[in-house]
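User: I'd like to learn how to read a predicted model. Could you walk me through it, feature by feature?

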Amino acid sequence: SLVTLDCRLLTEEHLRRGLDSLRRSEGATLPTLLLLEIGHLPLPFQSQLTELLALRERECQILATIDFEAELKDQLQALIGTISIELAPLHTRLEDLPLLAQHFLEVANVDSSRQVGSISQAALEQLSLYAWPGEVEELRQVIIEAPSHCQGHELQAGDLPPVVHHAAQAAQFASLPMEMISLEEFMAGIERELVLRAMDQAQGNKAQAARLLGMTRPRLY
């Protein structure tokens, strides 16, 4: 049997119930306790968890997920094996994005009265243009919040947060080809426009136009 506990939401009572479920489990194979994000447990609570696991009445397999930056007490770390799994950044494996987004959408549907069944292709394209500095957790948050803005049964690009739209706009500008600009011709065009405006304002009087431009009459010529 498998008992899964999310340490971000875990209380001592939840932990005791999980261990009780393991103790009552039957079968030839060892029961398994899966602790999600164990590094989110406060250090004092890690000590309690260590004591409870040490007092378990029958052996069980203990698995846990943890961030590299999380702090874990040595005694608790000794009770769980260590396997490092490094995932490439989300923006480098965009082929996973549609499946992840759909999964998080279905998770959002569980606790919502508004049921959104799918994500439009336009929305997926905008999601793929964002760099996702917060990785999969940021994607989860975006998809879970997006249905609150959705008017139909399919998530549209307009339902996504502004930060995703800004990334899409930036990507469009970045793809525009660089145009060669002659600085000399550009400045000459500005100068000509200013001279014509001054002449128009001075009604053709060259001396007055030169004064408006702050230059001498010969320079105007």
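User: Let's start with strand E1: which residues are on its covered face, and which on the uncovered one?

Analyst: In a regular strand, side chains alternate between the two faces of the sheet. In E1 (residues 2-6), Val3 and Leu5 sit on the covered face, while Leu2, Thr4 and Asp6 are on the uncovered one. Strands here are DSSP runs (E, at least two residues), as are helices (H or I, at least four), numbered from the N terminus. Two housekeeping points: this is a predicted model, where local features need pLDDT of at least 70 and side-chain atom pairs count only at pLDDT 80 or more, while totals for chains, interfaces and linings use all residues. Residues are numbered from 1 along each chain as its sequence is written, and side-chain values use heavy atoms, leaving out hydrogens and water.

User: Which strand does E1 join, and how many bridges are there?

Analyst: Strands of a sheet pair through backbone hydrogen bonds, either parallel or antiparallel. E1 runs parallel to E2 (residues 32-36), with five bridges joining them. Pairing takes at least two DSSP bridges between the strands. Leu5 stands opposite Leu35, and Thr4 has Leu34 as its bridge partner.

User: What is the strand order in the sheet?

Analyst: It's an open sheet of three strands, E1-E2-E3, with parallel pairing. E1 and E3 (61-64) are the edge strands, each pairing on one side only. On average, neighbouring strands are turned by 15° against each other, direction ignored; the axes behind that angle are lines fitted to C-alpha atoms, for helices over the stretch in contact, and angles run from 0 to 180 degrees between N-to-C directions.

User: How many disulfides does the structure hold?

Analyst: A disulfide is a covalent bond between the sulfur atoms of two cysteines. This structure holds zero, going by a cut-off of cysteine sulfur atoms within 2.5 Å.

User: Is Cys7 buried or exposed?

Analyst: Buried means under 20% relative accessible area, exposed over 50%, and partly exposed in between (1.4 Å probe, protein chains only). Cys7 counts as buried because its relative accessible area is 4%. Cys150 is buried too, at 0%. Across the protein, 29% of the 221 residues are buried.

User: What does Ile143 touch?

Analyst: Contact means heavy atoms within 4.5 Å. Ile143 lies in helix H6 (residues 135-145) and is buried because its relative accessibility is 0%. Leaving aside residues up to four places away in sequence, Ile143 touches Ala101, Phe104, Leu105, Ile119, Leu127 and Leu155.
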